[in-house]
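Work through the exercises below with the structure open. Try each task before you read its solution.

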There are 2 protein chains.
Amino acid sequence: MNETKIRILDAAERLIAEQGLDVSLRAITAAAGVNLAAVNYHFQSKDALIDAIVARAIEPVNRRRLEMLDAVERESADGRLPLEGVLRAFLSPLTELDPRGREHVRALMGRIYSVPDEFIRRVFDRHLAAIAERFLEAFARAVPELTAEERVWSMLFAIGAVIHVLNWSGTLPHLFKDLVDVSDGKALTERLIAFTAAGFRSLEHTRQLEQSHA
Amino acid sequence: MNETKIRILDAAERLIAEQGLDVSLRAITAAAGVNLAAVNYHFQSKDALIDAIVARAIEPVNRRRLEMLDAVERESADGRLPLEGVLRAFLSPLTELDPRGREHVRALMGRIYSVPDEFIRRVFDRHLAAIAERFLEAFARAVPELTAEERVWSMLFAIGAVIHVLNWSGTLPHLFKDLVDVSDGKALTERLIAFTAAGFRSLEHTRQLEQSHA
DNA sequence: GTCTATAGGTTGATAGAC
DNA sequence: GTCTATCAACCTATAGAC
């Protein structure tokens, strides 16, 4: 790929992570050290540039998710999958994203998930629908006791937990001074897996309690 | 309060919930049926208008949260608080927000929490810091086995779960057709409380397992 | 491929009549 | 308090020289 094209992507990626999707092309090209017109030459429009950034951010995460999920499924002898393993495949590609020098990609990912309806629908259809379907099947094999509805809600809660941390990652150290260490992706992963796995299982338990009372 | 001032607030609230914070004053005044200059007359600037909207959305939620937390604390004989009760005080004022005719306030709340760093810092310092501190104390009395760090992470995960649902509430029915019913706030509350309560407790269990292995 | 120059449209804010 | 009219600044996109 052309060098200035990459410079534009890198600069836009960082600025969008910091300020949101409504950064001006002038700010982007200035940060990239290229000419304003270069954006419309290499990409066709600002929208196309944003699409390229979204794809470059999400697709590697999705590939890693599917790799890890495939491995989990290979290792399971019977039909049942280990819930923690499925959650690790789902969450850790996000939490352990781009360790050095590109921490802003985490904030970018949070931003992409937290954008107005019209936009998120496009992103979902293009980059997330297939992944969601695949993981819902995996969750069905990990916690078959749950109803399909309960699995969807649980997955949404898990996404929310990780996205919110990514979304606030830039400012969390300021909000809770010494109490949170955002830089330790692995520790965050373990906490998230423990928290969400217990959450998934709790819905089943809640329903069993209701039934035994009836 | 002046009538046109309220009309502006209502229109801006709805448009920001739907499209995000970068709605133009022209779009707002057109939707409100008032003159463009009215915004700068009644509020001083667009920023001040946004601050007013944020305050009007968050403050009633905070009041309700503190009311409910006070009640939970009054009812507890010993020093220990029921975790589910604290979580209900924390979450249900969000999930059961403005039931009829003002569903967009949920999306607005999600939007407010998912905004670039510079903005969220201002919102946090002004409207959320005191609440966070108060509830961290309550969580300390509900799950004293956790470290302060674990309580902060758990609270962040719980916020993320609810905010993500609010943030996507407008488009969730499209993404998961029949599987999710966003309109049933009470059912959502119960699921969230069960999920997050189990999550809080899981971190403690994880650590106890580690210690017993050592 | 990269630049300058500029078209054509939007924005927030305000001055001044009523 | 409410209006019209307008300013100055910003935006994206493109035409055309090099």
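**Exercise 1.** Which side chain of chain B has an N or O atom 3.2 Å from a phosphate oxygen of DNA strand D?

Solution. The model is predicted. Start at the phosphate oxygens of DNA strand D. The side chain of Thr4(B) has an N or O atom 3.2 Å from one of them. Next, turn to chain A.

**Exercise 2.** Find which elements give two or more residues to the surface near DNA strand D.

Solution. The top contributor is α3(B), with three residues. Now sort the residues of this surface: six are nonpolar, seven polar and three charged.

**Exercise 3.** Determine how many residues of chain A are in contact with chain B.

Solution. Chain A has 55 residues in contact with 55 of chain B. Then take the area: about 4900 Å² is buried between the two chains, and carbon and sulfur atoms give 74% of it.

**Exercise 4.** Count the salt bridges between chain A and chain B, and locate one.

Solution. There are two salt bridges between these chains. One joins Glu149(B) to Arg191(A), 3.2 Å from N to O. Finally, look at the helices: α8(A) gives the most to the side of chain A that touches chain B, with 17 residues. That side divides into 31 nonpolar, 14 polar and ten charged residues.

How values were computed: Residues numbered from 1 in each chain as written. Chains lettered and ligands numbered in written order. Predicted model: local features only at pLDDT ≥ 70, side-chain atom pairs only at ≥ 80, totals over all residues. Heavy atoms only, no water. Contact = heavy atoms within 4.5 Å. Buried area = accessible area lost by both parts, 1.4 Å probe. Salt bridge = Lys/Arg side-chain N within 4 Å of Asp/Glu carboxyl O. Helix = DSSP H or I, 4+ residues; strand = E, 2+ residues; numbered from the N terminus. Nonpolar A, V, L, I, M, F, W, Y, C, P; charged D, E, K, R; others polar. Polar contact = N/O pair within 3.5 Å; in protein donor to acceptor, adjacent residues only side chain to side chain.
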